[in-house]
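Dear colleague,

Please find the structure below, handed over for your study. My notes on what was found in it follow directly after.

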Amino acid sequence: MTHGIRTDPHTTGLNGRRGWRDTATHYALLPLRIFLGVTFLYAGLDKLTDSAFMKSGGAGSVGDTMRAARDSAAVPALVDLALKAPVAFGYGIALGELAVGIGTLLGLLGRLAALGGALISLSLWLTVSWATSPYYYGNDLAYLMAWLPLILAGAPYLSLDAAWRARRRRRLGGYP
């Protein structure tokens with residue numbers, strides 16, 4: 001029996017239908033995309049609607065959160081930079097999370113949205129959750145790792161990116 005390397009993971013059988021394994025492989029990243037998209041959309045909305053968060057000081061404020069994390073951050077200079085304008089930084093993070101969440105859910109510029117999510121997660125890991133011990137209790141590193149497959153794969157199906165690609169292919173007469 002000869003085993004070859006499959007060069008096209010989205011092949012169909014002779015009858016034009018995929019087997020369950022091909023279908024599962026094709027849609028494997030969809031649950032991750034939905035989870036990260038919903039989570040970042042929720043995080044952005046939660047920050048924007050939390051009256052205590054968007055303040056430079058006080059319980060639950062972005063300013064107090066950053067000041068508390070500053071001395072234990074891997075890169076305190078990032079926290080210092082954000083502390084120059086904590087409310088603006090809070091809005092920046094919240095709007096960034098909204099953009100990443102919407103882009104990820106819609107598959108709109110999927111790789112760019114995933115890169116944005118990874119950068120947000122990286123910045124939070126290097127500042128707010130760096131001192132979490134053991135490290136696996138902090139979720140920002142896990143989010144950073146979760147974004148990597150979406151950076152590599154983008155949003156190849158059930159997405160605006162796929163619809164634009166198909167439209168461009170039709171317009172060009174079947175060429176990518």
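Leu158 lies in the loop between H7 and H8, where helices are DSSP runs of H or I with at least four residues, numbered from the N terminus. Phi of Leu158 is near 50 degrees, a positive value in a residue other than glycine. With a relative accessibility of 55%, Leu158 counts as exposed. In these notes, buried means under 20% relative accessible area, exposed means over 50%, and partly exposed lies in between (1.4 Å probe, protein chains only).

Before going further, please note that this is a predicted model, in which local features need pLDDT of at least 70 and side-chain atom pairs count only at pLDDT 80 or more, while totals for chains, interfaces and linings use all residues. Residues are numbered from 1 along each chain as its sequence is written, and side-chain values use heavy atoms, with hydrogens and water left out.

Leu109 is partly exposed, at 48% relative accessibility. In the loop between H6 and H7 one finds Pro134, and the peptide bond that leads from Ser133 to Pro134 is cis, with omega near -5 degrees. As background, most residues other than glycine have a negative phi, and most peptide bonds are trans.

Ser159 also belongs to the loop between H7 and H8. At 11% relative accessibility, Ser159 counts as buried.

Which residues make up the largest nonpolar core? There are twelve: Leu36, Phe40, Val100, Ala114, Ala118, Ile120, Leu141, Tyr143, Leu144, Ala146, Trp147 and Leu150. Helix H2 (30–49), helix H6 (110–127) and helix H7 (139–153) each supply at least two residues of this core. H7 gives the most to this core, with six residues. A nonpolar core is here a set of buried Ala, Val, Leu, Ile, Met, Phe, Trp, Tyr and Cys residues joined through side-chain atoms within 4.5 Å. In soluble globular proteins, nonpolar side chains tend to be buried together.

Ser121 lies in helix H6 and is buried, with a relative accessible area of 2%. From C-alpha to C-alpha, Ser121 and Leu144 are 5.2 Å apart in space, while 23 residues separate them in sequence.

The charged side chains come next. How many salt bridges does the structure hold? It holds four, a salt bridge being a side-chain nitrogen of Lys or Arg within 4 Å of a carboxyl oxygen of Asp or Glu. One of them joins Asp64 and Arg67, with the closest N and O atoms 2.9 Å apart. Asp64 and Arg67 are three residues apart in helix H3 (residues 62–70), so about one helical turn separates them. Asp64 is partly exposed, with a relative accessible area of 30%, and Arg67 is partly exposed at 40% relative accessibility.

Arg70, Asp71 and Asp80 are linked in a network of salt bridges. Between Asp71 and Arg70 the closest N and O atoms are 3.6 Å apart; between Asp80 and Arg70 they are 2.8 Å apart. Because Asp80 lies in helix H4 (residues 76–83) and Arg70 in helix H3, the latter pair ties together parts that are ten residues apart in sequence. Arg70 is partly exposed, with a relative accessible area of 28%, and Asp80 is partly exposed at 31% relative accessibility.

Finally, a positive surface patch is formed by Arg111, Arg165, Arg167, Arg168, Arg169, Arg170 and Arg171. Patches are made of residues with over 30% relative accessible area and no salt bridge, with like charges joined within 9 Å and nonpolar side chains (Val, Leu, Ile, Met, Phe, Trp, Tyr) within 5 Å. Lys and Arg count as positive and Asp and Glu as negative, while His and the chain ends are not counted. The place of a charge is taken as NZ of Lys, CZ of Arg, CG of Asp or CD of Glu. Accessible areas come from the Shrake-Rupley method with a 1.4 Å probe, and for residues only the protein chains shown count as cover. Helix H8 (residues 160–171) gives the most to the positive patch, with six residues. Arg170 is in helix H8 and counts as exposed, at 62% relative accessibility.

Yours sincerely
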